[in-house]
Amino acid sequence: MSIDPGAVGVPSLESRIHGCLLGGALGDSLGYAVEFDSIEAIRRRFGASGLTDFSALDGGSHFSDDTQMTLYTVDGLVEALEWANSGVGADVNACLWLAYLRWLATQGVAAPPSAPVPQPRWIDSHEVLRHRRAPGNACLSGLATGEMGTLYRPVNPESKGCGTVMRSAPFGLVPHITPDAVYKLSADAASLTHGHPSARQSAGSFSLLIHRLVSGDSLQGAAAAVLAEVHSLDGVAPELPERLEAAVRLAGAQVLGPEELVRELGEGWVAEEAFAVGLYAVLATASGPDAAATAAAAEEHFRAAVTLAVNHSGDSDSTASIAGNILGAFYGESCLPAAWLDALEAPDVIRGMGDLLVGVTTS
C-alpha cells in the first residue's frame, strides 16, 4: 500500500502551538486590513468575494493588538512556568498582569506610580510589538488603572469587548493541566481588563475549546463539549450560550452570506459574538465531520474559514484571528498556506514565542 505524502497525521504539541499562534496571526493580519470597513466597502475595494488573499493587499498587512496581546499572554504563561520548573511557585495571574503592563508600555500608555514596574523580557526587545495597532479601549483603560482586576474587584465592570477572547488561545496550549484549570486561568486573566461576566466566560470557553482540540478532540466534538460546559457555568451570561448554540446550529446549514452572518451572530465587537463568528467560520467550512485527509485539504479549510471570518461588517481581525487559532491548534502547522506565511509580519518573533512555550511545557 502506498502512503500519501500529503496525508495529515496527528500533529505534535509543538506543531499545534506554532500552528495556533501563527494561524491566529494570519487571520488577524488579513482581517486587520478591513477591520473597520463595512461589507459594502470591502466589496468595493476587493470585488464581490471580498478580501480572500494577501496578494490583494499591495502594501501587505500588519498584525494588530490581537496578536500583540496573544504573544504577551504567552510570555506571562512562560514566566510562570519558568518559575514552576525551577521549583518556585508563582502567581500565574500576577505574571500575566505584569506581561500586560509591559504591553501597555509598548502602546505609549504609562501605568500609575502605584503599579509595579515589570522587569523587561525577550519579547520586549522587538520593535514590531511597539506599534499601536488599534488597541482595545478596555484593555488600555483597565491596565492603566494600575489595579489588578479580579472577579471580585473588577475593572471596567460593564465591559465585554472581545479584547479578552482574542488574546486567550495560549491558555489552551498548556498541556497536562485539567480543563477546569484552563478555564480558570483564562477567565481570571480576562478579569484583569474586563469585568462583564460574558467577557471572562467567553475567554475561558474559547481557551477550553483550544485545550480540547490540542488534546485530540474533533472540531465538532470540542464545540459540543464546550457548549455543554458553558451551559453548566454558574451565573452564565445568557448571551454566550445563545450565540454559541446559533453558531453550531447554523454551521450545519449552507454557508451564510456576510449580511446574514452579522444578523445571526453579530459583528464580533463583543466577546461572545467574536467567539461565535470565529467558531462558526471554522465549522461551516469543514469538509467533513472530522479532520481533513491531506495537508492540501487542511490548507483549503484554513483559507475558507479565515476568509469567511474576515468578510463581514465588524471586527474582522478578531473573528479571523480566533478562526486561525482554532484551526492551527487542530491541524498544526500543516494547514497554514506557505504564501500567506511569506506575507506575515515578523514570523520569527511569533515562532520565537512559540519556541519559548514549547520549551517550558515539554522539557
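Trainee: What is the mean pLDDT of the protein?
Mentor: pLDDT is the predictor's confidence in each residue, from 0 to 100. Here the mean is 95, and 96% of the residues reach 70 or more. This is a predicted model, where local features need pLDDT of at least 70, side-chain atom pairs count only at pLDDT 80 or more, and totals for chains, interfaces and linings use all residues. Residues are numbered from 1 along each chain as its sequence is written, and side-chain values use heavy atoms, leaving out hydrogens and water.

Trainee: Where does pLDDT stay under 50?
Mentor: Over residues 1–5. Where pLDDT is low, the predicted coordinates should not be read in detail.

Trainee: Which residues line the second largest cavity?
Mentor: A cavity is a set of points, on a 1 Å grid over the protein atoms alone, where a 1.4 Å probe fits but cannot get out; lining residues have an atom within 4 Å of a point. A volume is the space filled by probe spheres set on the points, which are joined across faces, edges and corners. This cavity, of about 30 Å³, is lined by Ala 223, Val 226, Leu 227, Leu 244, Val 248, Phe 275 and Leu 279.

Trainee: And how many charged residues does the lining of the largest cavity have?
Mentor: One, along with four nonpolar and five polar residues; Asp, Glu, Lys and Arg count as charged, Ala, Val, Leu, Ile, Met, Phe, Trp, Tyr, Cys and Pro as nonpolar, and the others, Gly among them, as polar. The space in this cavity is about 50 Å³, and its lining includes Asp 66, Ser 321 and Asn 325.

Note on methods:
Contact = heavy atoms within 4.5 Å. 1 Å grid on protein atoms, 1.4 Å probe; cavity = no way out; pocket = protein on both sides within 12 Å on 5 of 7 lines; lining within 4 Å.
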